[in-house]
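Student: I've got this model open and want to check the labels against their definitions. Can we go through them together?

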Amino acid sequence: MERWAGRVAVVTGASGGIGACVAADLVKNGMKVAGLARRSEKVEELSKSLASAKGKLYAVKCDVTKESDVKEAFKWVKSNLGGVDILINNAGVFLGGNLNESSSDDWRKIFDLNVLGLSMCTKEALQLMKEKGVDDGHIVHINSICGHTPPAAGVGMYYASKHAVTALTEGLRRELVNQKSKIRVTSVSPGLVNTDMPPKQYLEMMSSLNPEDVSDSVLYALRVPPHVQIHELTILPVGSP
């Protein structure tokens, strides 16, 4: 991780769970990290706990489902931190419900955050990388094992959003290849993770990962040599069905 020291990362959904863990680990490795979250006060609390770390965490209030918020957040990052070298698209939502019973409002919430929010942040990060002349940047999508498996009953829309992330990862990789860019894109797909996002009954019935396990995987993808691309990284808890 030495080559990333002093450089800039943006982490979405940095107020808790996987996002907070990744943001903290990047700061400990000497990076300047903009933690985007609606609950920016949570990011500020995390920043205070990292006061002695090599890097620094900055709290940026942002709802990544709102394009105006996303543009303002990346404008702040450009003005105050000079640009972006790494983007961790972590913000996401899990909502269940059978298709004939759930509401279109819930469908929009899922896709607005898991797909469109991810895409808007990716677009802004790529533009800043291009402006800064960053050709060794890295974009990481926190995907899910649900993005690679047949949908389960009652959560088909969530699975659909994660299958979209899988397709967007490969689509972006091909775009970057066509542009002869060395910017890398990685999909990290964990199984069930013990955060406040999955329903409690899932955590009680099934084995799960910790946020730290996912963060370790992100760091692994970032620390491999620049000529190596970890395109897809799947992480399952032992005993997962």
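This is a predicted model: local features need pLDDT of at least 70, side-chain atom pairs count only at pLDDT 80 or more; totals for chains, interfaces and linings use all residues.

Student: What makes β1 largely enclosed by the rest of the structure?

Tutor: Hold β1 against that cut-off: 5 of its 5 residues are buried, so the rest of the structure largely encloses this strand.

Student: Which residues of β1 cover each face?

Tutor: V8, V10 and T12 sit on one side, A9 and V11 on the other, and all are buried. In a regular strand, side chains alternate between the two faces of the sheet.

Student: How do you know that β1 pairs with β2?

Tutor: Two strands pair if there are at least two bridges between them. β1 and β2 run parallel and are joined by 5 bridges, so they pass that test. One spot to look at is V8, whose bridge partner in β2 is K32.

Student: And what about β1 with β4?

Tutor: There are 3 bridges, again in the parallel sense, and A9 stands opposite I86 in β4.

Student: Why are β3 and β7 called edge strands?

Tutor: The open sheet has 7 strands in the order β3-β2-β1-β4-β5-β6-β7. β3 (56-61) and β7 (232-235) each have a single partner strand, so one side of each lacks a neighbour in the sheet.

Student: How are neighbouring strands turned against each other?

Tutor: By 15 degrees on average, ignoring direction.

How values were computed: Residues are numbered from 1 along each chain as its sequence is written. Side-chain values use heavy atoms; hydrogens and water are left out. Helices (H or I, at least four residues) and strands (E, at least two) are DSSP runs, numbered from the N terminus. Axes are lines fitted to C-alpha atoms, for helices over the stretch in contact, and angles run from 0 to 180 degrees between N-to-C directions. Buried means under 20% relative accessible area, exposed over 50%, partly exposed in between (1.4 Å probe, protein chains only).
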